[in-house]
Amino acid sequence: MAEPPPGQATRTTSATASLEDLLRRCARGDEAAFARLYDLTSHRTYGLALRVVRNPAHAEEVTQEIYLEVWRTSARFDAARGNALSWLLTIAHRRAVDRVRSADAAQRRDEVFERETRPRDYDVTAEQAQLSIESARVRRALQHLTSTQREAVELAYFGGYTHAEVARLLDLPLGTAKTRIRDGLIRLRDTMGVER
C-alpha cells in the first residue's frame, strides 16, 4: 500500500488530534469547541445519516440528535479505544439505525391501525337484494291474515299510525284495534317462521 504524501499524513494526524482536543474541551462545557467540532464534522455525520435513513429531513434530525449526544457524552470519549472521528461516526451510525427502526415500527403501527379502523366495505347490491327478499316474504305472509287483521297491521306498520289513530280510522274501540294488530302480528310471525 502506497504511503500518503508527506503533507497529507501530517494534516490527517493533526486533524485527528484536533478533534480529540475539541472533544476534551466539549467535555468541560466549552461551547466554542463544540461549535468548531460541529463545523469540522457535521458534513460527515449528516452524509452517513443520509445514507442510512435515505430521507434528508430525517437525516437532519438524526444529525441534531448525534451532536446532542456528543455534547452530553463527550467525557466518555477515550482516545485509547479509537480516534475521535471513529467515535463520532459510530454514534452517527447507531442513531441513524435507531431512526430507521423507529420509522419502520411507526409505519407498521400505522398500517395496523388503518387496517383495524378502516370502515368495512359492504355490498350495497347484496343488501338491497336481501331487503327485497324480506319484503316479498312479508307481503306473502300478509296474504295469510284476515282482511281485518291485515287492514289494522298495514295502518299501524306501513301507515305509521298509532293504535289510537288506527282505532279512530277503522271506527273501532281502542282495545279491538290493539287485539287485531296483536293477532295479525302473531299470525305473521307464525307464517314467516320467526323464532320467539
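In this predicted model, T148, Q149, A152, V153, A156 and Y157 of helix 6 meet R180, I181, D183, G184, L185, R187 and L188 of helix 8, contact meaning heavy atoms within 4.5 Å. The residues of this contact comprise 7 nonpolar, 3 polar and 3 charged (Ala, Val, Leu, Ile, Met, Phe, Trp, Tyr, Cys and Pro are nonpolar; Asp, Glu, Lys and Arg charged; the others, Gly among them, polar).

The largest nonpolar core has 23 residues, of which L23, L37, V62, I66, V70 and W87 touch the most other members. Such a core is a set of buried Ala, Val, Leu, Ile, Met, Phe, Trp, Tyr and Cys residues joined through side-chain atoms within 4.5 Å; buried means under 20% relative accessible area with a 1.4 Å probe, protein chains only. Helix 4 gives the largest share, 7 residues. A second, separate core of 9 residues includes V166, A167, A177 and I181.

Overall, the protein has 8 helices and 0 strands, taken as DSSP runs (H or I, at least four residues; E, at least two) numbered from the N terminus.

Residues are numbered from 1 along each chain as its sequence is written. Local features need pLDDT of at least 70 and side-chain atom pairs 80 or more, while totals for chains, interfaces and linings use all residues, and side-chain values use heavy atoms, without hydrogens and water.

Technical notes:
Buried means under 20% relative accessible area, exposed over 50%, partly exposed in between (1.4 Å probe, protein chains only).
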